[in-house]
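This report describes a protein structure, its aromatic pairs, its charged pairs and the contact between its domains. The sequence and the model are shown first.

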Amino acid sequence: MSSSSTVFSVQRSGHARSAAERDQILSAPGFGTRFTDHMVAITWDRDHGWHDAQVRPYGPLSLDPAASVLHYGQEIFEGIKAYRHADGSIWTFRPQANGARLQRSAKRLALPELPVDLFVESLRQLISVDAHWVPSAPETSLYFRPFMIADEAFLGVRAAQKATYYVIASPAGPYFAKGVAPVSIWLSTDYARAGKGGTGAAKCGGNYAASLLPQTIAQSKGCSQVLFLDPVEGKYIEELGGMNVFLVYQDGTLVTPALSGSILEGITRSSILQLARDRGMTVQERKMSIDEWKQGVASGEIAEVFACGTAAVVTPIGELKGEGFAVGNPDAEAGQVTMALRKELTDIQYGRLPDPHGWLVRLDG
Ligand code: PLP
Ligand code: COI
């Protein structure tokens, strides 16, 4: 089944929120707490492949208690946004890259691969009924959460023979409560989010489950995200619980950890690398030790640090803390390079700048 052959059945919600209720939600969307009126579901089983594509009212799932996702964590997901442009049109950003990543995650988790064109079509289908939920205030968006679960009722441990792909959507403002102000992050040395040969490069729920205890510790230390080191030597920086990380050197060089097999290959990361190269910046994807970070910030050689991801966009990191140390300044101003890259990326996403790489895909009309 590919999108060209897929007919979605559409069942409109009888409980859709009124325009006034929706506008109230859109006026202060927060992140990830309110959802649109509809969702997408597409069923897969080994004998029939992908079938029964539906747009239906948003609502609880009915799952057999033996469904393998509940026991063995066979779940993968994506995060991608819809942006409203000044003329009212609705666009998304590099959806083929998210669709391809969902396929890579599916492969690693022994789930079925959804065709990329069907992934893109699923976003279009949701927008065809929930377009009014895409906010228009500056820097707001509609965050799609596509996900797939193994829902076969079977307690033996083996690859899924039944799965369902869903898309839900949630109006979004800034991921961090303070907006784009610099955040503090906590270095986890006791815990890793992923192991060698594990699922770190896949976007699967289990990686986030593994990050929650260290994330809770980070929060108890006044930090909003946790930084993980490589799981083999515990020496090289990898990424945050839900974002990639970049460092800007005084001489203008931009450095981000090379993909190691346990880092998620962020689409924001790859877009920033491209925009930086377009600007003629020196860009390095390489191993970077935590000592290089600490010493570079202390000496002033590293001028800026930032996190990036679909939810976080580009967020300055003011301070790195860990057991017995702190470097950086929690009250620092956001760095100039950080904010320039953030502006260029969001200007493209919101249609305020030309889109030289053809990253935008229209979802409405
Ligand atoms: N790393 C992790 C662990 C993430 O959860 C995310 C968010 O999706 C990212 C990196 C950034 O990926 P992307 O830019 O594709 O959203
Ligand atoms: C995203 O940015 O899409 C993520 O999945 C990260 C999470 C922190 C919300």
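## Aromatic pairs

Across the whole structure, a search finds 10 aromatic pairs. Rings of Phe, Tyr and Trp (its six-membered ring) are paired if their centres lie within 6.5 Å; planes under 30 degrees apart count as stacked, over 60 as edge-to-face and the rest as tilted. One of the pairs, F31 with Y175, is edge-to-face, with 4.8 Å centre to centre and 80° between the planes. This pair links distant parts of the chain, 144 residues apart: F31 is in the loop between α1 (19–27) and β2 (38–45), and Y175 is in the loop between β8 (162–172) and β9 (183–188). Helices (H or I, at least four residues) and strands (E, at least two) are DSSP runs, numbered from the N terminus.

## Basis of the model

The model is predicted: local features need pLDDT of at least 70, side-chain atom pairs count only at pLDDT 80 or more, and totals for chains, interfaces and linings use all residues. Residues are numbered from 1 along each chain as its sequence is written, chains are lettered from A and ligands numbered from 1 in the order in which they are written, and side-chain values use heavy atoms, with hydrogens and water left out.

## Salt bridges

The count comes to 15 salt bridges, each being a side-chain nitrogen of Lys or Arg within 4 Å of a carboxyl oxygen of Asp or Glu. In one of them, R352 pairs with E139, the closest N and O atoms being 3.3 Å apart. R352 lies in the loop between α8 (336–349) and β18 (360–362) and E139 in the loop between α4 (116–130) and β7 (141–150), so the pair ties together parts that are 213 residues apart in sequence. E139 also forms a salt bridge with R342, where the closest N and O atoms are 3.6 Å apart.

## Domains and their interface

The domain assignment, which is automatic or taken from a database, gives domain 1 (3–172) and domain 2 (183–349). Their C-alpha centres lie 27 Å apart. To the contact (heavy atoms within 4.5 Å), domain 1 gives 21 residues and domain 2 gives 21 residues.

The two domains bury about 1,700 Å² between them, 56% of it on carbon and sulfur atoms; buried area is the accessible area (1.4 Å probe) that two parts lose on being put together, summed over both. In domain 1, F77, F93 and R101 lose the most area to domain 2, together 32% of what that side buries. Two salt bridges are found across the interface.

## Helix α7

V297 is placed in helix α7 (residues 290–299). Apart from its neighbours within four places in sequence, V297 is in contact with I302, V305, V327 and G328.
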